[in-house]
Amino acid sequence: MARITYPSPDGLTERTAAALERMPDLNIFRMLAHADAALVPFLRMTGALWTESELSPTRRELAILMVARLTEAEYEWRQHVSIALACGVTAQQVAAIEAGELGSESLSDGDRALLAMTEAIVTGPRASDAVLSAALEHMTERELVELHLVAGTYVMLARVMTNLDLEIDQPVADTLMTESERARKGSG
């Protein structure tokens with residue numbers, strides 16, 4: 001049971017209620033409805049990271065899985081394993097991240113650089129020159145900045161999930177992935 005109550009649907013503003021109607025019925029979205037003024041802008045930003053970024057869905061999901069592992073966010077992990085698999089991440093890559101085996105043969109050099117950069121973003125104030133340099137060998141500057149936004153967003157969500165003990169929902173990868181996502185599946 002969550003540590004605080006979910007907002008009552010009849011107590012939501014029209015704007016927040018309308019936003020929730022467009023989203024899958026997940027506890028994370030229900031809990032975020034407490035932040036009435038921030039919910040719609042937050043959903044716009046995360047939507048842009050999902051559909052308009054240069055960072056591919058595969059890379060985004062590898063990063064989110066790394067964030068979930070590092071923050072011990074089981075809710076985030078469970079939702080994003082199914083999304084990652086739907087985006088083209090392999091079961092072997094998921095297993096490598098879960099086990100912390102970033103040297104796994106299932107991960108390319110680009111994957112390893114992305115995951116090392118994600119770890120640096122999550123765990124420290126500043127990536128080493130070597131980590132940053134390796135990341136830039138495999139991604140554009142735009143992708144690097146988008147990676148920071150993805151990692152930061154999902155650390156924030158992980159903390160809502162873990163600090164407030166959200167009940168874990170069934171994975172909803174198909175609902176969350178748009179046609180645009182499916183078209184971009186695995187690119188990059």
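User: How does α4 pass α5, in a left-handed or right-handed crossing?
Analyst: In this predicted model, α4 passes α5 in a left-handed crossing.

User: Which residues make the contact?
Analyst: On the α4 side they are Arg-60, Glu-61, Ile-64, Leu-65, Val-67, Ala-68, Arg-69 and Thr-71. From α5 come Glu-76, Trp-77, His-80, Val-81, Ile-83 and Ala-84.

User: And by class, how many are nonpolar, polar or charged?
Analyst: The contact of α4 with α5 has 8 nonpolar residues, 2 polar ones and 4 charged ones.

User: What angle do the two helices pack at?
Analyst: About 160°, and their axes are 9 Å apart. Helix α4 covers residues 57–71, and helix α5 covers residues 74–86.

User: Roughly parallel or antiparallel, then?
Analyst: Roughly antiparallel, because the angle is about 160° and angles over 145 degrees count as that.

User: Switching topic. Where is Thr-71 found?
Analyst: Thr-71 is in helix α4.

User: Is that residue buried or exposed?
Analyst: Thr-71 is buried, because its relative accessible area is 6% and the cut-off for buried is under 20%.

User: What does the side chain of Thr-71 reach?
Analyst: The side chain of Thr-71 reaches the backbone oxygen of Ala-68 at 3.5 Å. A polar atom of that side chain also lies 2.7 Å from the backbone oxygen of Val-67.

User: Leaving aside neighbours within four places in sequence, what is Thr-71 in contact with?
Analyst: With those neighbours left aside, Thr-71 contacts Glu-76, Val-122, Val-155, Ala-158, Arg-159 and Thr-162. Glu-76 is also one of the α5 residues in the contact with α4.

Methods:
Residues numbered from 1 in each chain as written. Predicted model: local features only at pLDDT ≥ 70, side-chain atom pairs only at ≥ 80, totals over all residues. Heavy atoms only, no water. Axes fitted to C-alpha atoms, helices over the stretch in contact; angles between N-to-C directions. Helix = DSSP H or I, 4+ residues; strand = E, 2+ residues; numbered from the N terminus. Parallel < 35°, antiparallel > 145°, perpendicular 65-115°, else oblique. Left-handed = near helix turned anticlockwise from the far one by under 90°. Contact = heavy atoms within 4.5 Å. Nonpolar A, V, L, I, M, F, W, Y, C, P; charged D, E, K, R; others polar. Buried < 20%, exposed > 50% of the residue type's maximum accessible area, 1.4 Å probe, protein only. Polar contact = N/O pair within 3.5 Å; in protein donor to acceptor, adjacent residues only side chain to side chain.
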